[in-house]
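The following note sets out remarks on the domain arrangement and the charged pairs of the structure shown here.

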Amino acid sequence: MMGTVILGTGSSLPKRIMTNKDLEVIVDTDDEWIFSRTGIRNRRIGGAGEKTHQIAADAGRKALEMAGILPEELDLVVVGTISSHMLMPSCACFVQKELGAVNAFAYDINAACSGFIYGMDMADKYIRSENQKKILVIGAETLSGRLNWKDRNTCILFGDGAGAAVFGHSNDSTRGVVGSNLHSDGRLWRLLHMHTAPSTNPDLEVPDNPGAHIIMEGREVFKYAVKAMEDSVCALLKQENISMDSIKLFIPHQANIRILKNLLERLQFPEEKVFVNVSDYGNTSAASVPIALDEANRQGLFARGDTILLCSFGGGFTWGASLIKW
Ligand code: ACO
């Protein structure tokens, strides 16, 4: 039996750092409130040359470099994003162009913060069914362009960034993606959503369209996020018959520290085995899990044969968990 392995990881963060102090002059907030409620101190904000596809391509380039693979060898480029600078073409097509991945086909996934985990599951299924594929999966966002900078409930939470992983096959069946447990619930869309530009067909226009920025019911999102991630992690471990103790590193979506602490408490999972970087980058949506995966990988926090648990939750709602045997 063949396995789907990660051959390389990469990440890319815009240069500009926005601190909580910087936010104090934009909205009525303060560093103490933000840090105590979210665990966030800094976030990155994209500038010239740092559009979503540009940081996505940069992360992808680094992942390819680590994998020792040329862009021409890629069969597929998938980007999880909700903040590309255009609706068409896809962010993935722009990434393909930037990288020169001329033999790949390319498309985006809109699963908000769960974009990378959904993409990873898709890459695993392609590789298992079609054998020789090499697939680049990226999560990339510049949500700084999709925030209402007058809304202190949301604009303090998010940041820009990109993370990537190159997937390929291995004949060693003891390694690779073990499995995933993915969910969506569109009935709850209202709790976290973003409109598009107004429709030019008046019959299809949404009344009072506030524009393309994030709207959120924070407390409700908090409750659903903790419960949903807990349920999918437990279901996945049961499905794959893997014990909590055998996990070397848990890389959850970096939404905010209170969500993470609640989740760990409910799972009774030890904090020292969890990778956390939310203080530096805020919530980077689809990019959060692959940035964390890349940082943990480059810091040597896991080795061949270790079991890594990923999980995420985002607008849709979408959520899920994945297990990798490195
Ligand atoms: N600075 C200062 N005060 C603020 C700010 C701010 N930035 N934002 C809100 N407040 C005020 C509110 O106006 C309110 O004041 P009031 O009591 O006078 O009305 C007070 O603080 C408490 O507001 P709450 O919304 O009840 O604060 P809460 O403790 O719930 O924290 C937060 C808000 C941090 C958004 C929390 O609900 C949360 O973490 N939710 C999850 C949201 C999230 O992570 N979303 C990301 C997308 S989904 C995902 O990735 C999982």
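Is R298 buried, partly exposed or exposed, and what is the relative accessible area of this residue?

1. The model under discussion is predicted. In this model R298 is partly exposed, with a relative accessible area of 48%. The side chain of R298 meets that of D294 in a salt bridge, at 2.7 Å from N to O.

2. D121 forms a salt bridge with K125, and the closest N and O atoms are 2.7 Å apart. The two residues lie four residues apart in helix α5, about one turn of the helix. D121 is buried at 14% relative accessible area, whereas K125 is partly exposed at 47% relative accessibility.

3. The next pair connects two helices. R266 and E230 form a salt bridge through their side chains, with 2.8 Å between N and O. Because R266 lies in helix α7 (residues 257–267) and E230 in helix α6 (residues 218–239), the pair ties together parts that are 36 residues apart in sequence. R266 is partly exposed, with 43% relative accessibility; E230 is buried, with a relative accessible area of 15%.

4. The count of salt bridges comes to 14. Beyond the pairs described above, D58, R61 and K62 are linked in a network of salt bridges. In general, side chains of opposite charge can pair when their charged atoms come close.

5. Turning to the overall arrangement, the protein chain is divided into domain 1 (4–169) and domain 2 (176–195 + 211–325). Their C-alpha centres lie 16 Å apart. Domain 1 contributes 51 residues to the contact, and domain 2 contributes 44 residues.

6. The size of an interface is often given as the accessible area lost when the parts come together. Here the area buried between domain 1 and domain 2 is about 3,800 Å², and carbon and sulfur atoms give 63% of this area. Of the area that domain 1 buries against domain 2, C113, I117 and Y118 supply 18%, which is more than any other three residues supply.

7. On the side of domain 1 that touches domain 2, the elements that give two or more residues are β1 (3–12), α2 (31–38), β3 (42–45), α3 (52–67), α5 (115–130), β6 (135–141) and β7 (161–170). Helix α5 provides the largest share of this side, eight residues. By residue class, the side of domain 1 that touches domain 2 divides into 21 nonpolar, 19 polar and eleven charged residues.

How values were computed
Residues are numbered from 1 along each chain as its sequence is written. This is a predicted model: local features need pLDDT of at least 70, side-chain atom pairs count only at pLDDT 80 or more; totals for chains, interfaces and linings use all residues. Side-chain values use heavy atoms; hydrogens and water are left out. Domain bounds come from an automatic or database domain assignment. Contact means heavy atoms within 4.5 Å. Buried area is the accessible area (1.4 Å probe) that two parts lose on being put together, summed over both. Ala, Val, Leu, Ile, Met, Phe, Trp, Tyr, Cys and Pro count as nonpolar, Asp, Glu, Lys and Arg as charged, and the others, Gly among them, as polar. A salt bridge is a side-chain nitrogen of Lys or Arg within 4 Å of a carboxyl oxygen of Asp or Glu. Buried means under 20% relative accessible area, exposed over 50%, partly exposed in between (1.4 Å probe, protein chains only).
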